Amino acid sequence: MVECQVNYIIGCLNKMLREDWKSLEVKEEAMKRYYQDLWKTMEKRVWTKENCMSWYQNKDGRVFALWPGNTIQYWWATRKPIFDDYIST
């Protein structure tokens, strides 16, 4: 998963260099969509069940520090940046 993250960041940096962008920021609607999908999937996982009190949960019982899928799904989700989901300057 770390390699996927590094490749994703390199893809962002390469685009920033080609386009002479100074910054790149995730759009609010993209972030909301990501978290809605994440929590929908996470509801099916053991870490969010009523009887499971884990350090993965925040004070509201939300789990946001884990990827709910497998490494193939993570690779697929991070294989390339979707620049329509970003604001650049």
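Residues are numbered from 1 along each chain as its sequence is written. In this predicted model, local features need pLDDT of at least 70 and side-chain atom pairs count only at pLDDT 80 or more, while totals for chains, interfaces and linings use all residues, and side-chain values use heavy atoms, with hydrogens and water left out.

Select helix H1, residues 2-19; helices (H or I, at least four residues) and strands (E, at least two) are DSSP runs, numbered from the N terminus. Within H1, colour Cys-4, Tyr-8, Cys-12, Lys-15 and Met-16, which are buried, where buried means under 20% relative accessible area, exposed over 50%, and partly exposed in between (1.4 Å probe, protein chains only). Looking down the axis of H1, you find these buried residues within an arc of 115 degrees, so they line one face of the helix; the arc is that of the directions from the helix axis to the C-beta atoms. Turn to the other side of H1, where Val-2, Glu-3, Asn-7, Leu-17 and Arg-18 are exposed.

Next select Glu-19 and Lys-15, which form a salt bridge with their closest N and O atoms 3.7 Å apart; a salt bridge is a side-chain nitrogen of Lys or Arg within 4 Å of a carboxyl oxygen of Asp or Glu. Both residues lie in H1, four residues apart, about one turn of the helix.

Finally, select Arg-33 and Asp-85, a salt bridge whose closest N and O atoms are 2.8 Å apart. Arg-33 lies in helix H2 and Asp-85 in the loop between H3 and E2, so the pair ties together parts that are 52 residues apart in sequence.

How values were computed:
The expected span of a helix is 1.5 Å times one less than its number of residues.
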